[in-house]
Amino acid sequence: MSPEESKSHRPTLPTTFDPATFEMKWYRQQEESGLFRPESAPADAVPFTMVIPPPNVTGRLHVGHALGRTLEDILARWRRMQGRAVLWVPGVDHAGIATQMVVERDLFDRTGRTRHDLGREEFLDLCHEWGYARRHDILDQIRRLGCSCDFSREYYTIDEVRSRAVRRVFCELYHQGLAYRDNRMVNWCPRCATVLSDLEVNHTEQNGHLWSIAYPLSDGSGEIVVATTRPETMLGDTAVAVNPEDERYRDFVGKSVDLPLTDRKIPVIADSFVDMTFGTGAVKVTPAHDASDFEAGRRNNLASVLVIGFDGKMTKDAGGAYEGLDRFEARKKVLRDLEARGLRRGEKSHLNAIGRCQRCDTILEPLVSLQWFVKIKPLAEKAMQAVDSGQVVFTPDTWRKTFDEWMRNIRDWCISRQLWWGHEIPAWYDKDGNVFVPKPGEPDPPESLGLTRDPDVFDTWFSSWLMPFSVLGWPEKTEDMKRFYPTDVMVTGFDILFFWVARMIMAGCWFPGDVPFRNVFLHGLVRDERGHKMSKTRGNVVDPLEMCDEYGADAVRFTLAVLSGTGRDLPFGKSRTAGYRAFATKVWNATRFAIGMLGDEPPKPLAPFHSLSLIDRWILSRLSSACAKVNASLEVFRFDEAAGALYAFFWSEFCDGYVEFVKPVLRDPALPEAEKEKTRAVLHLVLMRSLALLHPFMPFVSCEIREALNGDGARLPQEAFPASVPEWDDPLAVATVEILRGTITRIRNLRAERGLSQTVVLEAILEVPEGDLAPSLESQRGLLMSLARLGTLTIGGKAEVEGAFHDAIGPVGLAVVLPRTELTPEEAAKRRKEIAALDKDIAALEAKLSDEGFRAKAPAAVIEKARKQLQDLTSRREKLLVNLPGGSA
């Protein structure tokens, strides 16, 4: 083959780095090859399993999803390269209330009809059709980010397999006496027309009022004044309560009062739940509209009068004057009517804790309702035992305390929802209200029994808490369940620790009988670059898919990994992503140089380590350290530290260090070809292993570069992940090169500071301590003189040269003899003026630092800052004195 033909077959990379030209090409190739399935690993490979926290089918991949999926994919690709049989299961949540709202709104916009016009069965068909079409959009967005999930096993939380699991769990809980139906105080959303669990309530503080109202004693002997934040509910009062220890009201207990605005009389009772310091120390008791009052009503056998209905309007029992009014309009009328009757006794500002619907932000109404609950305490105890024994480990560990506190104070879970879309509750009732729930594995009761099915559905989380095992086919004893359960890691935001993570631990320990995962990594919440919460109203929402299109998915992924430290807030935006796009470009350009330096022949095997040049031994030693750091960091979920180690090695040590060192080596005509072959082999090996290190973080550019470098980019995802090589540990080579790099950088900076051209040849002296470092540096004399552009270099002498620039590079003293440059009179005058200004600032700082009062009172950080300023100003003054006529100002 002629030289021209050989060159035409050399792998090349385009001059311009454009990720849009190759990212999805590599993704499709990897997915279609079956790489993402655990079956791609050897049959005896150790499993590694994760489940994606399912995004809502109604949504679009947001930056919080992007963070979680990126971290999971880093783990999946890393473990796959370590030879594990990785199963990472993707899926989508049916999102009960959200989907019902979206589909009903769409139905009305298109046809002007509501779900009630359509009927339940037809509306549910519409929801199924909409959801199945929409979920593929979500999964494609996950693909765009580069997630290596096994899409052949994707799940939908309302599909047939998951529905069987939900039914089995409820039936088991019911027949174990842990699922029950009861009239309890619940959080009711009048707008969504459904009950909400405590975790679905956003608690906010709102400025309001505390009103004092007189309740006349029925015997005419006086009045008792109660304080309330909700006067509209007084129409449903069934008692006034005082604390039994409160001497002020001892004589009132047992009497009755006339309930204002009604014709009812209610008792004054004593109950220790009353806070004597709140308001007047006497409180109204409304069992139908307050959780504490509900419990007090049960203790004292009080009636419950519902005066606010499930539509948020006043009921018939509120009285004809108020019936049909909105609850907040009723409040205003009640206050006016009390004023008219002379029963108001003042008001004051009060900060109220308000519960709002997480979905629509409506103020919730505490109402007594017949709902299904899970007696959660027995499940919580098993989950706590699993965490206490170390079967489940939280990272960061601080979340374990939060978990423990919540679990110890856990309340029964309300699992029924008044919706159409969702898993229907498998409970039936006869005409007398008796409940029939099939035993696990039994079919629905026959229609001939004339039973009526419960119209409610389960809380969406009632299917989600089963994910770690339902996605593997439970309750069937599938091969996936046998091999891949328990899963290994759950990666999610700390904000759903209680919504989801705690419940999954409870479910796993109770149903399959083993923890659902061994590790939980809780990441922070993504904010904008200023640390603000992202919201449409702020206009600061960052769309990760648009960022992928603008900067490339690799840059987005790497940015998220770098930001994923242990903090609660993670600032993310365009400027940071642009910086890591520049990193990808740097890797690209360094490889283009390497391909040019490697030549057309395949690289030779790596020579014995001891026979390599010092520079080659240095880069291999640093590569080994980088491998150790990346692996150790990923083992403890410090994605940020792993990414940081990669960035530092690739950018600073490989690109800015090794590549620069080997340029003169490979271009030196005097160097024997055998030595060049050794260096080419090192260059090729370092690049290959660096790309393997980079692959879990940047799966696309790493494959594209490997294809150009070695012709086998498709192999990279299954290459062995690089580990440290103890034989490459060479402290002397590392110390020597650090001195070389530090010296070269300092001399280049010195030229810039003094206004000298980088081509000006200088003289330098290195004062080296006794030991191996001096001969090691001496062996690199030619390289140092070439890269630092030195005409004369003394290694081992004294660095105390009069008139020279002095500095220290680690343990080595550096002196640089600078050429004397004559200044014009104008330049000299300008310098003297600058020096005079510096002298004033220096004198002021010296006076401050010599002041005993300042040193005694100022914080240590302030004193240290002043000392640093003085040091910087003095250094700047010395630089200005160079070449000044007379050598002084």
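Predicted model: local features only at pLDDT ≥ 70, side-chain atom pairs only at ≥ 80, totals over all residues.

A: In strand β11, Ala-270 is the bridge partner of Val-242. Val-242 belongs to the pairing of β9 (residues 239–242) with β11, which is parallel and runs over three bridges.

β11 also pairs with β10. These two strands run antiparallel and are joined by three bridges. Within this pairing, Ser-256 has Pro-267 of β11 as its bridge partner. β11 covers residues 265–270 and β10 covers residues 256–258.

β10 and β11 form a hairpin with six residues between the strands. Leu-261 is placed in the loop that links them. The phi of Leu-261 is near 70°, which is a positive value in a residue other than glycine. Most residues other than glycine have a negative phi, and most peptide bonds are trans.

β5 (residues 179–189) and β6 (residues 194–196) pair in the antiparallel sense over three bridges. In this pairing Trp-188 stands opposite Val-195 of β6.

β5 has a further pairing with β14 (residues 365–374), antiparallel and over ten bridges. There, Asp-182 stands opposite Gln-371 of β14. These strands belong to an open sheet of four, in the order β6-β5-β14-β16, with antiparallel pairing. β6 and β16 (413–414) each have a single partner strand and stand at the edges, so one side of each has no neighbour in the sheet.

Other places in the chain also show backbone values to note. Phe-637 has a phi near 65°, again positive in a residue other than glycine. Phe-637 sits in the loop between two helices, α19 (614–635) and α20 (639–667). With a relative accessibility of 6%, Phe-637 counts as buried, because the cut-off for buried is under 20%.

The bond from Trp-474 to Pro-475 has omega near 15°, and Pro-475 lies in the loop between α13 (467–470) and α14 (479–484). The bond from Tyr-485 to Pro-486 is cis with omega near 0°. Pro-486 lies in the loop that runs between α14 and β22 (487–493).

Two more residues can be compared by their cover. Ser-463 is placed in helix α12 (residues 461–464). Its relative accessible area is 2%, and Ser-463 is buried. Setting aside residues up to four places away in sequence, Ser-463 touches His-94, Thr-157, Val-166 and His-423. Thr-824, by contrast, counts as partly exposed, at 36% relative accessibility. Thr-824 is in the loop between β29 (812–817) and α26 (825–850). From Thr-824 to Val-542 the chain runs 282 residues, and the C-alpha atoms of the two are separated by 55 Å.

The whole chain gives the setting. The protein chain has 28 helices and 29 strands. Its radius of gyration is 37 Å, well over the 29 Å that the globule rule gives for 889 residues, so the chain is more spread out than a compact globule. Along the principal axes, the C-alpha atoms fill a box of roughly 110 × 75 × 55 Å.

Of the 889 residues, 52% are buried. Among contacts with a separation of 6 or more, 78% are between residues 24 or more positions apart. The chain exposes about 39,800 Å², of which carbon and sulfur atoms supply 50%. It carries 114 positive and 126 negative side chains, and the centres of these two sets lie 2 Å apart.

Methods:
Residues numbered from 1 in each chain as written. Heavy atoms only, no water. Rg over C-alpha atoms; globule rule 2.2 N^0.38 Å. Buried < 20%, exposed > 50% of the residue type's maximum accessible area, 1.4 Å probe, protein only. Contact = heavy atoms within 4.5 Å. Areas by Shrake-Rupley, 256 points an atom, 1.4 Å probe, with all protein chains shown as cover. Lys, Arg positive; Asp, Glu negative; His and termini not counted. Charge placed at Lys NZ, Arg CZ, Asp CG, Glu CD. Pairing = 2+ DSSP bridges.
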